[in-house]
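Student: I've got a model open and I'd like to talk it through with you. Can we go over it piece by piece?

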Amino acid sequence: MLAKLWIRNAARHPLRTALTLVAVGVAILAFGLLGTLVEAWHAGVAAASANRLVVRHGISLTFSLPLAYREKIRGLEAVRAITHMTWFGGFFRERKNFFANFAVEAPTFFEHYPEYRLSEAERAAFLRDRRGCVVGRALAERFGWKVGDAVPLQGTIYPGVWTFTVRGIYTGRDRGTDENQFFFHWDILNERLLERMPPRANRVGIFVIEVRRAEDAPEAAIAVDALFRSSPAETRTETERAFQMGFVSMSAAILAAIRVVSLVIVVILLAVVANTMIMSVRERMREYAVLKTLGFGPGFLTALILGESIALCAAGGALGTAALYPALEILERSLGAYFPAVEPAPETLLLGGLACLVVGALAAAFPVRAVLSTPIVQALGRVG
Amino acid sequence: MSAEASPWVELEGVCKSFRRGGETLSVLEGLALRVHRGEFFALMGPSGSGKSTLLHLIAGLDRPDAGRIRVGGVEITELSETELTAWRARNVGFVFQFYHLIPVLTALENVELPLLLTGLGRRRRRAHAELALELVGLSDRRDHTPARLSGGQQQRVAIARALVTDPPLVVADEPTGDLDRAAAGEILDLLEGLAAGLGKTILLVTHDPRAARRAHTVRVLDKGALIDARETLDPECR
């Protein structure tokens with residue numbers, strides 16, 4: 001009977017209920033989208049390997065390191081392998097066609113990153129062709145690139161047009177693996193620098209170290225930095241996770257703003273549902289008085305109002321969650337270049353569900369109090 | 001009903017006042033009343049005389065400022081709010097002027113509602129509700145919501161709801177006030193039958209002398225005191 005009353009009471013004013021459901025649905029959709037965006041921001045951190053350390057210039061990432069450091073670092077006991085990569089900062093045809101592009105140490109790079117899946121044939125083709133490049137599947141799809149296509153990149157840090165031939169298209173091992181990157185031979189970059197800007201040659205952006213055991217990582221980091229202490233280019237070595245976290249921290253204010261907006265959405269949601277519940281309960285005050293007259297106590301009345309409120313929030317929440325997936329597909333099409341994975345995390349869905357429950361309960365609190373505290377005779381409207 | 005038997009409803013020195021706009025309005029002042037089991041008792045009086053207030057006090061919907069109210073041997077003025085709620089569920093059936101059915105429930109579900117408090121299983125609840133509806137002659141309207149029933153039919157459903165838990169006391173506050181003459185007649189027939197056939201104690205509040213005429217006892221409440229109805233009733237209605 002209770003469930004019957006929840007549903008029938010909620011359906012009493014179809015337009016009001018529909019509008020409330022839409023409002024709750026939109027709020028939960030927005031909450032889910034923002035939560036997913038924050039998750040996507042952290043995707044790089046989540047995908048980071050525990051075995052990899054990143055060595056960068058001690059002052060800033062914008063400063064490069066001498067290539068000669070490689071052999072010194074390789075000599076450390078804890079280091080199993082080392083590779084390097086350099087941010088190129090080019091764009092394809094127009095500035096808006098931005099994506100991550102790196103000059104990498106081709107022979108070792110893909111061994112360090114097993115999450116970038118590349119066929120043996122494509123890897124061999126890439127290694128053979130010094131003007132070759134490897135691109136992510138999402139990036140290739142974005143620009144319609146196929147293996148064998150020539151891709152001109154306009155350099156920003158390294159001026160000029162740099163044309164590469166696509167020799168491989170990698171796919172991500174996990175959903176969170178970034179498939180929007182572009183890798184080419186560092187040798188090509190270095191050769192041109194030797195010709196035109198010798199002081200900038202033989203330098204790399206970062207070294208990526210693979211340690212033998214993850215638990216050795218903290219000591220290995222200290223050992224690397226100790227090697228170059230008091231040198232003209234001191235290093236800062238950190239885990240890949242910490243390195244990625246550094247990028248996220250740069251956007252901390254934006255992320256904080258997104259979280260505040262999420263909270264504001266929950267408050268708006270509460271106001272909408274509370275308003276609906278207050279109106280509904282006020283209209284039915286006499287019916288609640290009749291129920292009290294018949295002998296129904298505070299428990300039943302609370303369950304009646306609370307259940308309706310939560311049912312309303314749950315239905316709206318389900319609507320919003322169902323809309324979240326198509327909305328994310330649209331979002332992924334426009335933001336896929338910036339975020340490797342745009343899909344709602346279980347935590348985000350759980351938080352959305354929890355928000356619905358809490359809002360449903362809070363929205364019912366005031367009407368429940370009003371019903372329980374109004375004397376039967378007053379609610380029946382007959383005194384005299 | 002025996003005049004010598006101890007009263008089933010007994011009020012002594014009952015006072016009740018309300019505050020309106022900063023003023024205290026005294027409605028009942030030291031009122032005493034006795035109603036016997038199985039008695040059909042009608043209470044009349046002008047608007048605002050305190051008829052409904054008295055009914056509410058006897059039914060345990062409100063509390064007096066002073067005085068004692070004993071119903072079926074229970075001193076209801078001494079019960080806690082929770083005890084009073086449980087007592088009401090077991091002992092009192094209510095019939096209101098405007099029926100007060102739950103609009104989203106069918107006739108059968110409305111009648112079944114008070115049985116939720118009895119601990120009966122769903123099947124037995126249904127059987128009891130169907131029986132009560134049959135008693136008021138509305139079995140064929142069991143699946144109709146109140147909006148699809150006439151005023152008289154809604155009031156019959158309300159009577160079935162009042163009866164379904166088999167309470168010894170039925171209070172009816174202007175039950176014919178919103179009905180035409182024919183429908184009112186049917187409702188009064190039913191109430192009369194409840195007292196005569198089922199031994200229920202009926203407390204009826206009414207403005208209608210024709211309705212009051214059906215009762216065993218008629219009292220008029222005027223200026224907070226009960227007077228004999230024969231002094232005020234139209235001779236035609238006596």
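Student: Let's start with a strand pair. In strand 8 of chain B, which residue is the bridge partner of Phe40(B)?

Tutor: This is a predicted model, so we're reading computed coordinates. Strand 3 (residues 40-44) and strand 8 (residues 201-205) of chain B run parallel, joined by four bridges. On the strand 8 side of chain B, Phe40(B) is bridged to Ile202(B).

Student: Which strands stand at the edges of the six-stranded open sheet in chain B?

Tutor: The order there is 6-7-8-3-9-10, with mixed pairing. From strand to strand the twist averages 25°. Two strands have a single partner each, so one side of each lacks a neighbour in the sheet: strand 6 (92-95) and strand 10 (225-228) of chain B.

Student: What angle does helix 1 of chain B make with strand 8 of chain B?

Tutor: Helix 1 of chain B packs on that sheet and touches strand 3, strand 7 (169-173), strand 8 and strand 9 (217-222) of chain B. Comparing its direction with that of strand 8 of chain B gives about 155°.

Student: And chain B's four-stranded sheet: which strands are on its edges?

Tutor: That one is open too, ordered 2-1-4-5, and its pairing is antiparallel. Helix 1 of chain B lies across strand 1, strand 2 and strand 4 (66-71) of chain B here, at about 125° to strand 1. The strands that pair on one side only are strand 2 (23-35) and strand 5 (74-75) of chain B.

Student: Which residue in strand 2 of chain B is the bridge partner of Val14(B)?

Tutor: Strand 1 (residues 9-20) and strand 2 of chain B pair in the antiparallel sense, with nine bridges between them. Follow the one from Val14(B) and you land on Leu31(B).

Student: In chain A, how far apart are the axes of helix 11 and helix 14?

Tutor: Helix 11 (residues 252-283) and helix 14 (residues 346-373) of chain A cross in a right-handed way. The contact includes Leu269(A), Val273(A) and Met277(A) from helix 11 and Val359(A), Phe366(A) and Ala370(A) from helix 14 of chain A. By class it has 17 nonpolar, one polar and no charged residues. The helices pack at about 35°, and the axes are separated by 9 Å.

Student: What radius of gyration does chain A have?

Tutor: Chain A holds 15 helices and 13 strands, and its C-alpha trace spans about 105 × 45 × 30 Å along the principal axes. A compact globule of 384 residues would come out near 21 Å, but chain A has 30 Å.

Student: Last one, on confidence. Which element of chain B has the lowest mean pLDDT?

Tutor: The model as a whole scores ipTM 0.88 and pTM 0.71. Chain B has a mean pLDDT of 87, with 94% of its residues at 70 or more. Among its elements, helix 3 (residues 107-112) of chain B is highest at 95, while the lowest, at 78, is strand 10 of chain B.

Terms used. Residues are numbered from 1 along each chain as its sequence is written. Chains are lettered from A and ligands numbered from 1 in the order in which they are written. This is a predicted model: local features need pLDDT of at least 70, side-chain atom pairs count only at pLDDT 80 or more; totals for chains, interfaces and linings use all residues. Axes are lines fitted to C-alpha atoms, for helices over the stretch in contact, and angles run from 0 to 180 degrees between N-to-C directions. A crossing is left-handed if the near helix is turned anticlockwise from the far one by less than a right angle, and right-handed if clockwise. Two residues are in contact if their C-beta atoms, placed from the backbone, lie within 7 Å. Ala, Val, Leu, Ile, Met, Phe, Trp, Tyr, Cys and Pro count as nonpolar, Asp, Glu, Lys and Arg as charged, and the others, Gly among them, as polar. Two strands pair if DSSP finds at least two bridges between them. pLDDT is the predictor's confidence in each residue, from 0 to 100. The radius of gyration is taken over C-alpha atoms; the globule rule is 2.2 Å times the number of residues to the power 0.38.
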